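This report goes through one protein chain, from its overall form down to a single residue. Keep the sequence and the structure in view while reading.

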Amino acid sequence: MTFAPDLNERLARARADLRMGLPVVLEGAQPMLAFAAETISEQRLAGVQAMTPDAVIAITDHRARVLKAAAYDGDLARIELPPDARLPWVLGVADPADDLKTPMKGPLIAQRGGDAAAHRAALHLVKSARLLPAALLCPSPSIGFATQNDLTRLPLAQVIPALAAPNVLAPVVSARLPLSVSEAGRLHVFRPEDGGEEHYAVEIGRPDRDKPVLARLHSACFTGDVLGSLKCDCGPQLHGALAQMGQEGAGVLLYLNQEGRGIGLANKMRAYSLQDQGFDTVEANHRLGFEDDERDFRLGADILARMGFSKVRLLTNNPAKIAMMENCGISVTERVPLKVGQTPQNAGYLATKMAKSGHLL
Ligand SMILES: Nc1nc2c(ncn2[C@@H]2O[C@H](COP(=O)(O)OP(=O)(O)OP(=O)(O)O)[C@@H](O)[C@H]2O)c(=O)[nH]1
Ligand SMILES: [Zn+2]
């Protein structure tokens, strides 16, 4: 029996380290230190520059396009860190907040050739820590550096496959929860093995497992669900779906903690700030360096299967959700449209959903 952390446990530690500004060590042919660009401190940045002239910032192809840097590696670009660069320069590469106000002093020099595997793994890691997708990397100065500095070590080749693997969920507890839409409510809590956020299922009534169940896969939206934001339709969709389940006497609503289509609340607020500069939802995500949608719907299919459901009548306007459910072995026998909560403030958001994300209305 070993008490040492396994790969998933190391990844959970790595996410916490990166959020605090600590580097992790990616162990490949050449061990590399990787920091999140968003959280590295002035002192540690100076330490990197004193140690090596070979530091780079890895950014995604989406962010590279905005900064007019060449993404020679296809999905990412490795930008050389100038020797005199200070923290605001690093943050300016990572964060689009001031792109329009202070266009970058370029040109940014992108590295070509060589191996980008550590850079790619670092980007996957910072994204999974819900940080801006930008990482500062440099070669680790010596063998034993990780141990001497008490840093989390990760086997490079296994990082991306482990992050891409389906997240194993375990049911933790379920209890009766009478709701205004139905007194026969029950809340189930599921905990992922990777140390990430828990997800919930609200079961209304006692749906027959042999028949298609009225189901909604709802992604967390703190601003819409809790605060009543007018910028999206999430709150009315959440309450509309529960109300319909209450009326029919049966249903299941999954509340997936994938805030901001999987980019986290801080990044969603960065996107909102860009939207106030005139960019739409998708453009804002790209300027930040994210894909349009970073959610993993396998979670939803897994929870449904664990609860004994294999067929759903899915409340959604998003055809991608239907395709994803079918791919994960949940049969969608009917799409139940969910058209609620239009406001003058979210008209643009809904129009972008239809034009760019294929939403039906
Ligand atoms: N990144 C980003 N996320 C947003 C924005 N507005 C809302 N969201 C998030 O988008 C998600 C909305 O998810 P859903 O309600 O499942 O919406 P959907 O994929 O459009 O599909 P249906 O509602 O089922 O039709 C939530 O996680 C919100 O936090 C935005 O402008 N940018
Ligand atoms: Zn919302």
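Among contacts in the chain between residues at least 6 apart in sequence, what percentage join residues at least 24 apart? The share is 68%. The model discussed here is predicted.

## The chain as a whole

The chain contains 15 helices and 13 strands. Its radius of gyration is 22 Å, close to the 21 Å that the globule rule gives for 361 residues, so the chain is as compact as a globular protein of that length.

Along its principal axes, the C-alpha trace spans about 65 × 55 × 30 Å. Of the 361 residues, 40% count as buried.

Strands of a sheet pair through backbone hydrogen bonds, and the pairing is either parallel or antiparallel. In this chain, 7 strands form an open sheet with mixed pairing, in the order β7-β8-β9-β11-β10-β12-β13. Strands β7 (169–176) and β13 (331–336) stand at the edges; each has a single partner strand, so one side of each is left without a neighbour in the sheet. From one strand to the next, the twist averages 25°.

## Around ligand 1

Which residues come nearest to ligand 1? Of the 22 residues around the ligand, they are Ser 219, Cys 221, Thr 316, Asn 317 and Asn 318. The elements that give two or more residues to this shell are β10, α9 (234–248), α10 (259–262), α11 (265–275) and α12 (281–288).

Helix α10 gives the largest share, 3 residues. Sorted by class, the shell has 6 nonpolar, 11 polar and 5 charged residues.

## A closer look at Gly 300

Gly 300 lies in helix α13 (residues 298–306). Is Gly 300 buried or exposed? Gly 300 counts as buried, because it has 27 C-beta neighbours inside 10 Å, and the cut-off for a buried residue is 20 or more.

Leaving aside residues up to four places away in sequence, Gly 300 touches Leu 217, Leu 254 and Leu 256. Met 51 is 249 residues from Gly 300 along the chain, and the C-alpha atoms of these two residues are separated by 46 Å.

Definitions and conventions. Residues are numbered from 1 along each chain as its sequence is written. Chains are lettered from A and ligands numbered from 1 in the order in which they are written. This is a predicted model: local features need pLDDT of at least 70, side-chain atom pairs count only at pLDDT 80 or more; totals for chains, interfaces and linings use all residues. Two strands pair if DSSP finds at least two bridges between them. Helices (H or I, at least four residues) and strands (E, at least two) are DSSP runs, numbered from the N terminus. Axes are lines fitted to C-alpha atoms, for helices over the stretch in contact, and angles run from 0 to 180 degrees between N-to-C directions. The radius of gyration is taken over C-alpha atoms; the globule rule is 2.2 Å times the number of residues to the power 0.38. A residue is buried if 20 or more other C-beta atoms lie within 10 Å of its own, exposed if 12 or fewer, and partly exposed in between; C-beta atoms are placed from the backbone. Two residues are in contact if their C-beta atoms, placed from the backbone, lie within 7 Å. A residue is near a molecule or strand if its C-beta atom, placed from the backbone, lies within 6 Å of it. Ala, Val, Leu, Ile, Met, Phe, Trp, Tyr, Cys and Pro count as nonpolar, Asp, Glu, Lys and Arg as charged, and the others, Gly among them, as polar.
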